[in-house]
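Hi,

Here is the structure for you to look over. My notes follow below it.

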Amino acid sequence: MVPKLRRGIGVHLPLNWPEVKQVDGKTVYAWPAFKGARFQLGDDDLRMLSAWGFDFVRLTLDPGIFMDAAGTERAAVLDGQAIALVQRFQAAGFSVIVDLHPIALNPVYSPRSLMAPGAAVFSSYGDLVERLAGVLNGLPHDKTVFELMNEPWIEAPADLPRWQVMLETLHRRARAAAPNLPLVLTGAMWSNWPGLVRLDTRPFQGSNVFYTFHYYDPHSFTHQGVPGDDAQFLAGVPWPMTAAEARGLVDAATRRVQSAPDLVGDASARATARTGQLVDALVRKGHGPAQVEKDFATVAAWGRSNGIEPERILLGEFGCVASARERPLGGDRLRWIENVRRAAESQRMPWAYWNFKGWGGMEMVSPQGKIDETVLAPLGLLR
């Protein structure tokens, strides 16, 4: 059985970013978990997603707290919460991708810790994959998909074979508990498309799997203004970027660097130089609609060469940040969203927009409950 996925959205809060506290210098999870107001989804939320036109959700789950609770009564409680939420979405008409989505909240279970060479915690992660696969196996396979890991933190080309081995291990663990449950597999390099097309798919032939990639190219455009990012001082970046537009963009960014209270001396100079490099790269690469189409065509060709139907290649995340300086989204960023969505659909690939509720600038509903529907039109919804 294969779920028919078309238009999805990331749902990031109900089972992620749990409350924690510090005890003797260690991060400890607060219990009961996921009970605060910010974790709750109301029936109105589900009706809203359905009315907007989404047919599946990509539900993220923080593996850290699930791994930490292993072998205790709390593990069964968490499993029950996850299953109840999946069933609630399914009763409302959605298919559900349960996405194991490591976060850096607890350093013991952070993405970097999981990806460290020879990390013992990865074995515990495999235990979780096998357990959850068995739990999810009891749900309808035409409505349930299990994503084994979000955005593996492996970037260097020399390290890519290591992710291949790790993914094969996770796939084998999942199949031990759920021989036919639909799974989602990803490449390394934070699930970008160059990482996907470097995967060796032969070990997964005959398995009921989807493949996924994320698209945030160019990063300096989609993540402009994000605090802590290299592109944090950029704003109003045009897409595509031309040389004529670059000077004014750099000047404005330089003024922001100079007014940043925490940047002085060499730090200010480095931030200014890095911002200039990002703008130069945007001009040099000339990323625009044609490049989007080319990238998606490359992924589709990889699928054909490996006997993978396009309906089984999932654009698992895409979106643009709306910073505090530039909210709501508008102009070129809405045009970028439309171009990416159209490129996926032209190749018959399902897609999941990032995301519904939360923080960070890509959410459609802010932590204060403010709804931003500006992305619906470029997503081809409500028409």
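Serine 191 is buried, at 0% relative accessibility. Buried means under 20% relative accessible area, exposed means over 50%, and partly exposed is in between (1.4 Å probe, protein chains only). Serine 191 sits in helix H7, residues 188–191. Helices (H or I, at least four residues) and strands (E, at least two) are DSSP runs, numbered from the N terminus. The residue is not a glycine, yet serine 191 has a positive phi of about 65 degrees.

This is a predicted model: local features need pLDDT of at least 70, side-chain atom pairs count only at pLDDT 80 or more, and totals for chains, interfaces and linings use all residues. Residues are numbered from 1 along each chain as its sequence is written, and side-chain values use heavy atoms, with hydrogens and water left out.

Other backbone points to check:

- Aspartate 24 also has a positive phi, about 55 degrees, and is not a glycine. Aspartate 24 lies in the loop between strand E2 (20–23) and strand E3 (26–29). At 78% relative accessibility, aspartate 24 is exposed.
- The peptide bond from tryptophan 239 to proline 240 is cis, with omega near -5 degrees. Proline 240 is in the loop between helix H9 (219–222) and helix H10 (243–259).
- The bond from tryptophan 354 to asparagine 355 is cis, with omega near -10 degrees. Asparagine 355 falls in the segment after E10.

Why list these? Most residues other than glycine have a negative phi, and most peptide bonds are trans.

Now the whole chain. There are 13 helices and 10 strands. The radius of gyration is 21 Å, close to the 21 Å that the globule rule gives for 383 residues, so the chain is as compact as a globular protein of that length. That radius is taken over C-alpha atoms, and the rule is 2.2 Å times the number of residues to the power 0.38. The C-alpha trace spans about 60 × 55 × 45 Å along its principal axes. Of the 383 residues, 56% count as buried.

Phenylalanine 146 belongs to strand E6, residues 144–147. Its contacts (heavy atoms within 4.5 Å) include Val98, Leu100, Val129 and Leu181, not counting residues up to four places away in sequence. Valine 98 is 48 residues away along the chain, but the two C-alpha atoms are separated by 5.0 Å.

On to charges. The count is 16 salt bridges. A salt bridge is a side-chain nitrogen of Lys or Arg within 4 Å of a carboxyl oxygen of Asp or Glu. These pairs are worth a look:

- Aspartate 127 and arginine 173 form a salt bridge at 2.6 Å, N to O. Aspartate 127 is in helix H5 (residues 120–136) and arginine 173 in helix H6 (residues 160–177), 46 residues apart. Aspartate 127 is partly exposed at 41%, and arginine 173 is partly exposed at 23%.
- Arginine 202 pairs with aspartate 200 at 2.8 Å, N to O. Arginine 202 is exposed at 60% relative accessibility; aspartate 200 is partly exposed at 26%.
- Glutamate 311 and arginine 348 meet at 2.9 Å, N to O. Both lie in loops, so the pair ties together parts that are 37 residues apart in sequence.

Salt bridges also link Arg58, Asp99, Glu147 and Glu317 in a network.

Best wishes
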